[in-house]
Each structure stands twice: as structure tokens, then as C-alpha cells.
Amino acid sequence: MQLSVVTLFPEMFAALTDWGISGRAVKRELITLDFFNPREFATDKQRTVDDKPFGGGPGMLMKSGPLIAAINQAKKSHGTEGEEVKVAYLSPQGTPLDHAAVVNLAKRERFILVCGRYQGIDARVIEQEIDEEWSIGNFVLSGGELAAMSLIDAMIRLQPGALGHEDSAKEDSFGNGLLHWPEYTRPQDFENNRVPDVLLSGDHEAIKDWRKKQSLISTLKKRPDLISWERLSEEERTILKEFTDESRC
Ligand code: SAM
């Protein structure tokens, strides 16, 4: 995947490119990441990228000129003059991102992400240049960089070869529509709290069944909105029914 990020703060992305799974994926070129800074496209001596909003009000807005010039340069770098590459603006007003959306976005070969700052960006940039808007939640960040990094990190995890084990992403929460089961590591006994016996049994079938049950129960307890009763198998419904009956006692 070729990813371009339009940002006033490209240095922030070192958190992605220099560390962990995302850092390894960048080094192995599973994803190429480049940056376009609107400040470099500002034409005045001070390299101004912001200005006051018309109509008054607090704060500043990112000006359209340098931002559109940076987006156009990013499009050119994809060699398509922008016809095949989608330009997304990270925005609290965007469609909320979820697992299904990230799975689809991660399949793209090229993608441009635009990060806002200040009170946001001139509305004409959205009208003229932005194909889609994505939000990471119903709250407001100071800039689009952390949102872009969250999305990029989530897309990287889904690139073939990015994780040590191919099944990891499938087994993660949301991969099969449910939350991941509880996990334990050594010691077996921590402050009189023992790891469930089944996990020490070496019985792979029993461990698989236990994990499935715990996954269902965790989802029901923590995120009941994710449970789609009509899509559950008879066996899964029985597990959850037994759990709710036991909890009532
Ligand atoms: N005035 C804007 C509003 O109320 O919709 C908020 C601007 S916010 C302070 C500055 C920038 O942070 C935005 O332009 C956007 O790029 C980014 N941002 C803030 N919250 C976000 C969120 N929940 N998801 C994605 N990006 C966000």
C-alpha cells in the first residue's frame, strides 16, 4: 500500500515508523509512507498556513491554497494525477471508523490522508478535494495526526505478513464479529489467582471450546451491541443462554 499523509507535523509519525509492528512493516516496505507539508507550499515569506475564519469566532483555520497544493503534490506522487487515489480527511464530522471499514480501506493500493489542525480546514478544500471523511470517534482531537496514525496502524495490521502469525488479526477482537477471549501468561498462580485449568491441560479441543465460550461471554458482557442473535449458531445461543441463566442465580 502506498500511503501519503498531508500534515503540518510529519515528525509525529515517527511513533509509527520507528516502533513495533508498524515500524517493521514500513522497513519491510509492506507499506510506503510519505509526507506532504502544506507549509512547504505556502507562498509568502512567513510560510503562512492558517488564517482567521470569515464571520469571526475563536481560533484559526488551515488556508485552502497551501493545503490544496500539498494534496495535489501527493496525488502526483501516486502517478495517477489523482484519478485512482482516494483523498480522505480525518475529521470528527466523518463516518466513524470501525473494523469493517478498516478491512475495506486496508485493501487499497494507494491512499491519501489529510490531517487538519487549528479549528479545521477551509470548507472549500473539502468541497473540491476530499472524497471521504473518517472519524475515530465522537470526540475532538487537536489535530488529525493521531487519528491518521490510528487508522494507518490498524490498516498495517491487516497487510499480509505484517503480523508474526497470519491468524493473529483474524483472532483479534472484531475479526469474527466477537471480542477476543481472556488471555493469561506466567506465573500459573498470581496472588492466589490461578489460570483456568483447561489452559494447562494440553487438550487442544477443550482449549478451543473454552476460548470460543469466553469470547462469546466477554462480548455479551462488554459489548452486547455486537451480538447478532440471529447470526449465532444453535450451539452459540445455548452457551450464552446458559451463561445468562447462571448469572441470574
Ligand atoms: N472545529 C472542528 C469541529 O468542531 O468539527 C474540529 C477541529 S479539530 C480541533 C482539528 C483537527 O483535528 C480536525 O481538522 C481533524 O483533522 C482532527 N480531528 C479532531 N477530532 C477528530 C476525530 N474524532 N477523528 C478524526 N480527526 C479528528
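Predicted model: local features only at pLDDT ≥ 70, side-chain atom pairs only at ≥ 80, totals over all residues.
Q: Hi! Which residues come nearest to the ligand?
A: Tyr-89, Leu-90, Gln-93, Gln-119 and Phe-139 do, out of the 20 residues around the ligand.

Q: How much of the ligand does the protein bury?
A: The protein buries 86% of the 580 Å² that the ligand exposes when taken alone.

Q: Which strands supply at least two residues each of the shell around the ligand?
A: Those are β5, which spans 86-96, and β7, which spans 132-135. The largest share comes from β5, with 5 residues.

Q: How many residues of that shell are nonpolar, polar or charged?
A: The shell has 10 nonpolar and 10 polar residues, and no charged ones.

Q: Okay, pockets next. Which pocket is the space taken by the ligand?
A: The ligand takes up the largest pocket. Its volume is about 430 Å³.

Q: How many residues line the largest pocket, and which lie nearest its centre?
A: The lining has 24 residues, and Tyr-89, Leu-90, Ser-91, Pro-92 and Gly-120 lie nearest the centre.

Q: Which strand gives the most to that lining?
A: β5 does, with 5 residues. Both β5 and β7 supply at least two residues of the lining.

Q: And how does the lining divide by class?
A: It has 12 nonpolar, 10 polar and 2 charged residues. The shell around the ligand, by contrast, has no charged residues.

Q: Switching to the backbone: where is there a cis peptide bond?
A: A cis peptide bond joins Arg-186 and Pro-187, with omega about 5°. Most peptide bonds are trans.

Q: Which loop is Pro-187 in?
A: Pro-187 is in the loop between α7 (168-171) and β8 (189-190).

Q: Last one: is the phi of Arg-47 positive or negative?
A: Arg-47 has a positive phi, about 55°, although it is not a glycine. Most residues other than glycine have a negative phi.

Q: Where does Arg-47 lie?
A: Arg-47 is found in the loop between β2 (32-36) and β3 (50-51).

Key:
Residues numbered from 1 in each chain as written. Heavy atoms only, no water. Near = heavy atom within 4 Å. Areas by Shrake-Rupley, 256 points an atom, 1.4 Å probe, with all protein chains shown as cover. 1 Å grid on protein atoms, 1.4 Å probe; cavity = no way out; pocket = protein on both sides within 12 Å on 5 of 7 lines; lining within 4 Å. Sits in = over half its atoms within 2 Å of the grid points. Helix = DSSP H or I, 4+ residues; strand = E, 2+ residues; numbered from the N terminus. Nonpolar A, V, L, I, M, F, W, Y, C, P; charged D, E, K, R; others polar. Points joined across faces, edges and corners; volume = space filled by probe spheres on them.
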